[in-house]
Amino acid sequence: MADLDGVKESKNFYTDIPQKTEGFFLKGSNSLDWGMKNRLARIFNPDSGHTVMLAIDHGYFQGPTTGLERIDVNILPLVPYADTLMLTRGILRSIVPPSVTKPIVLRVSGGSSILKELSNEEIAVDIEDSLRLNVCAMAVQVFIGGEYEKQSIMNMTRLIDMGIRYGIPTLAVTAVGKDMARDARYFRLATRLCAELGAQYIKSYYIEEGFETITSCCPVPIVIAGGKKIPELDALTMAYNAIQQGAGGVDMGRNIFQAESPAAMIQAVRTVVHENEKPDKAFDLYNTLKNQ
Ligand code: R5P
């Protein structure tokens, strides 16, 4: 039982110090609930406001992608350098040790493969499984202009509703069909639509012309996918330009795990994303680390 005698009486109520009411650092996220903000603050670094997500979910529709044949061998050594891992529950449970404390962004849409129409997806993971796996966000593909556009949008909105119920953010991944123009007009439409319907953050692609108009009129953070493998300096330049033009970070896969030295590449990408390092300096770092 707690002592009743000799209790220290003097209390300090700090009546001269007003309680702080802090805003939330992330674009468009101030009105979210505590749990959702806390998860986003694990994905996005509150100091830089940015994130380096390592995307390794490609197998969910295209099988063992080059560089991802053995995730235990090739990818686990990169985990310390990533802010977040984006992957499927199959790889998470079978290969990633639960002692890894990096925030997980779980791929939860699926149902199509490269052999068929890719936009024909559904939500493929129960919200309860996302909770069991302690994920920080759920990722769903949205095919604006695609054959199953409406279905994919409704997948997203259902996921957003479930996520709001439990405090888990939804990452809307804008997928572009092969024949569609990858221009600013398209990405403004796709990203804004996802934001208007409630996605807490959005994955899109960097484009040379007008990328800043996409980030400017999207009210929530945009992270860029890396896309197909390009030379390392070009990938660092793309990441640099995206950050300078308002991106909240990268969700990069092939340009990291297919690099000649993936560990060197992800560290170089980090300096661009978190420290505004110039691409040529980041490339120097890449070469130095690669040769060590
Ligand atoms: C592909 O569908 C996945 O969503 C990837 O996570 C995404 O494309 C990012 O990977 P990459 O940088 O290789 O394009």
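Where is Asn134 found? The points below take up this question and others about the model, which is predicted.

1. Asn134 lies in the loop between α5 (127-132) and β6 (137-142). At 54% relative accessibility, this residue counts as exposed, because the cut-off for that class is over 50%. Asn134 is not a glycine, yet its phi is positive, at about 60 degrees. As background, most residues other than glycine have a negative phi.

2. Tyr14 also deserves a remark on its backbone. Its phi is near 45 degrees, again a positive value in a residue other than glycine. Tyr14 is placed in the segment before α1 (34-43). With a relative accessible area of 49%, Tyr14 is partly exposed.

3. A further positive phi belongs to Asn276, the residue that follows helix α11, with a value near 55 degrees. The next points turn to this helix and its partners.

4. Helix α11 covers residues 262-275.

5. Of the 14 residues of α11, 10 are buried, so the helix is largely enclosed by the rest of the structure. The buried residues are Pro262, Ala264, Met265, Ile266, Ala268, Val269, Thr271, Val272, Val273 and His274. What do these residues pack against? Their partners are the strands β1 (51-55) and β10 (249-252), together with the helices α9 (232-244), α10 (254-257) and α12.

6. Two packed helices are described by the angle between their axes and the distance between the axes. For α11 and α12 (residues 279-291), the axes come within 8 Å and cross at roughly 155 degrees. The two helices are therefore roughly antiparallel to each other, since angles over 145 degrees are placed in that class. The crossing of α11 past α12 is right-handed. On the α11 side, the contact is made by Ala264, Met265, Gln267, Ala268, Thr271 and Val272; on the α12 side, by Ala282, Leu285, Tyr286, Leu289 and Lys290. These residues divide into eight nonpolar, two polar and one charged.

7. The pair α9 and α11 packs at an angle of about 25 degrees, with the axes 9 Å apart. What is the orientation of α9 and α11 to each other? They are roughly parallel, because angles under 35 degrees count as such. Their crossing is right-handed. From α9, the residues in contact are Glu232, Ala235, Leu236, Ala239, Tyr240 and Ile243, and from α11 they are Met265, Ala268, Val269, Val272 and Val273. This contact comprises 10 nonpolar residues, no polar residue and one charged residue.

8. The remaining pair to be described is α9 and α12. Their axes are 9 Å apart and the packing angle is about 135 degrees. The two helices are therefore oblique to each other, and their crossing is right-handed. In this contact, Glu232, Leu233, Leu236, Thr237 and Tyr240 of α9 meet Pro279, Asp280, Ala282, Phe283 and Tyr286 of α12. Here the division is seven nonpolar, one polar and two charged.

9. His58 is situated in the loop between β1 and α2 (59-62). Is His58 buried or exposed? At 11% relative accessibility it counts as buried, because the cut-off for that class is under 20%. Leaving aside residues up to four places away in sequence, His58 touches Gly63, Thr65, Leu68, Gly253, Arg254 and Phe257.

10. Thr213 is found in helix α8 (residues 211-217). Its relative accessibility is 29%, and Thr213 therefore counts as partly exposed. When residues up to four places away in sequence are not counted, Thr213 touches Ala184 and Arg188.

Technical notes:
Residues numbered from 1 in each chain as written. Predicted model: local features only at pLDDT ≥ 70, side-chain atom pairs only at ≥ 80, totals over all residues. Heavy atoms only, no water. Axes fitted to C-alpha atoms, helices over the stretch in contact; angles between N-to-C directions. Helix = DSSP H or I, 4+ residues; strand = E, 2+ residues; numbered from the N terminus. Parallel < 35°, antiparallel > 145°, perpendicular 65-115°, else oblique. Left-handed = near helix turned anticlockwise from the far one by under 90°. Contact = heavy atoms within 4.5 Å. Nonpolar A, V, L, I, M, F, W, Y, C, P; charged D, E, K, R; others polar. Buried < 20%, exposed > 50% of the residue type's maximum accessible area, 1.4 Å probe, protein only.
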